[in-house]
Amino acid sequence: MTRWVESHVAPEPAEAIRIAYCADAGPGDVLCGAPSSDLAAWRSILEEVLVAGGGSIAEAQGRVQRHVKEIGTSFRLPGEGEERQWPASPLPLAISEAEWSGISAAVAQRAELCELLLADIYGAQRLVLSNVLPTAALTGSSHYLRPMVGIVPPGGHYLHIYAADLGRGPDGEWRVLADHTRSPAGAGYALENRLAASQVIGGLSARLNIARLAPFFADLRAGIAAACERTDPRLALLTPGRFNQSYAEQAHLARYLGLLLVEGADIAVHDDKVYLRTIEGLKRVDALWQRMDARLLDPLALDSRSAIGVPGLVDAMASGGTVIAN
């Protein structure tokens with residue numbers, strides 16, 4: 001006769017935390033609903049964070065926030081004068097390679113759709129003529145830039161940067177909550193999150209073979225440069241100024257990508273070419289990654305009340321001499 005003895009061996013700390021968390025988590029939680037094939041990755045994440053925090057996730061959180069402060073990551077809410085420190089978590093969101101491949105392919109497809117929509121809206125306008133897109137919905141939008149109709153941007157692309165807000169539903173499916181095509185923010189914060197977290201849980205990349213961010217930013221820079229006339233173009237990031245909500249992100253991106261960080265007052269247009277004002281005279285600028293409200297870009301062609309735009313910028317783009325992204 002065999003006797004079964006119940007085991008009272010306590011689970012490992014990482015597993016104990018997962019069990020306690022899942023006891024209170026709602027349906028569709030990405031950790032608690034993870035397939036068995038992904039549990040090893042989540043266990044590695046929790047183990048690394050616990051080691052970094054001396055057994056405490058809260059301590060690991062504090063270490064990450066200290067690195068965020070050293071990097072200078074901050075943001076400002078509309079109407080506030082003081083900057084806030086960017087909140088970062090030591091626990092990354094684990095997405096398997098297979099799942100991410102599906103997400104990236106779908107997001108790329110959606111970006112292509114947005115490119116085609118913009119090309120039609122500012123070009124042939126077949127969607128309006130066929131009433132698929134009601135005329136009032138287009139012309140009634142405050143973001144519709146009427147002077148841009150008929151202008152084919154240098155390189156032929158209306159979009160160089162596209163972003164989407166993604167959410168994971170209760171059924172585990174990923175959904176697009178919003179498209180961002182005007183001046184998408186967030187890439188800089190993703191970079192700063194990775195830099196801060198890597199200082200605390202740097203060993204995780206080797207354990208899980210985490211995808212690097214550097215190729216994305218290299219492709220982003222190369223894509224903008226490829227649309228320029230000159231083979232060795234000078235690129236700049238056009239910021240609304242230091243009081244913008246995401247100025248810290250813009251400054252960090254400019255440093256990381258090797259872009260000039262400029263404001264409208266630093267730029268001049270002569271003979272449909274864009275130049276940077278320097279103590280050595282005017283220097284040609286081939287492309288601007290603009291991070292302001294597009295309606296404020298050019299007070300001559302768009303909103304005449306703009307005090308932060310560049311007079312003549314739309315004409316410079318229309319002539320093909322300057323790339324504006326987006």
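How much space lies in the second largest pocket? In this predicted model, the second largest pocket holds about 760 Å³ of space. Its lining comprises 32 residues, and those nearest the pocket centre are Leu 118, Tyr 122, His 143, Leu 145 and Arg 182. Two or more lining residues come from each of helix 4 (97-121), helix 6 (135-139), strand 4 and helix 11 (313-318). Of the elements, helix 4 contributes the most to this lining, with four residues. Sorted by class, the lining of the second largest pocket consists of 21 nonpolar, seven polar and four charged residues.

Strand 4 (residues 174-180), one of the elements that line the second largest pocket, is paired with strand 3 (residues 163-168) in the antiparallel sense, over six bridges. Within this pairing, Ala 164 is placed opposite Asp 179 of strand 4. The hairpin formed by strand 3 and strand 4 has five residues between the strands, and Gly 172 adopts a positive phi near 90° there.

A parallel open sheet is built from four strands in the order 6-5-10-11. Its edges are strand 6 (260-262) and strand 11 (323-325), each of which pairs on one side only. Neighbouring strands of this sheet are turned against each other by 25° on average, with direction ignored. Strand 5 and strand 10 run parallel and are joined by four bridges; Leu 238 has Gln 290 in strand 10 as its bridge partner. Helix 10 packs on the sheet and touches strand 5, strand 6 and strand 10. The direction of helix 10 makes about 150° with that of strand 6.

Helix 10 (residues 247-257) also packs with helix 7 (residues 187-200), at an angle of about 75° and with the axes 8 Å apart. The two helices, helix 7 and helix 10, are therefore roughly perpendicular to each other. On the side of helix 7, the contact involves Ala 187, Gly 188, Tyr 189, Leu 191, Glu 192 and Leu 195; helix 10 contributes Ala 248, Glu 249, His 252, Leu 253 and Tyr 256. The residues of this contact between helix 7 and helix 10 divide into seven nonpolar, two polar and two charged.

One cavity of 30 Å³ or more was counted, and the largest cavity has a volume of about 50 Å³. Leu 220, Arg 221, Ile 224, Leu 235, Ala 236, Leu 257, Leu 259, Ala 287, Leu 288 and Trp 289 line the largest cavity. The lining of the largest cavity has nine nonpolar residues, no polar residues and one charged residue.

A further open sheet contains three strands in the order 7-8-9, with antiparallel pairing. Strand 7 (267-270) and strand 9 (281-285) are its edge strands, each pairing on one side only. In this sheet, neighbouring strands are turned by 45° against each other on average, direction ignored. Four bridges connect strand 7 and strand 8 (residues 273-278) in the antiparallel sense, and Ile 267 stands opposite Leu 276 in strand 8.

Methods
Residues are numbered from 1 along each chain as its sequence is written. This is a predicted model: local features need pLDDT of at least 70, side-chain atom pairs count only at pLDDT 80 or more; totals for chains, interfaces and linings use all residues. Side-chain values use heavy atoms; hydrogens and water are left out. On a 1 Å grid over the protein atoms alone, a cavity is a set of points where a 1.4 Å probe fits but cannot get out, and a pocket is an open set with protein on both sides within 12 Å along at least five of seven lines; lining residues have an atom within 4 Å of a point. Grid points are joined across faces, edges and corners, and a volume is the space filled by probe spheres set on the points. Ala, Val, Leu, Ile, Met, Phe, Trp, Tyr, Cys and Pro count as nonpolar, Asp, Glu, Lys and Arg as charged, and the others, Gly among them, as polar. Two strands pair if DSSP finds at least two bridges between them. Axes are lines fitted to C-alpha atoms, for helices over the stretch in contact, and angles run from 0 to 180 degrees between N-to-C directions. Angles under 35 degrees count as roughly parallel, over 145 as roughly antiparallel, 65 to 115 as roughly perpendicular and the rest as oblique. Contact means heavy atoms within 4.5 Å.
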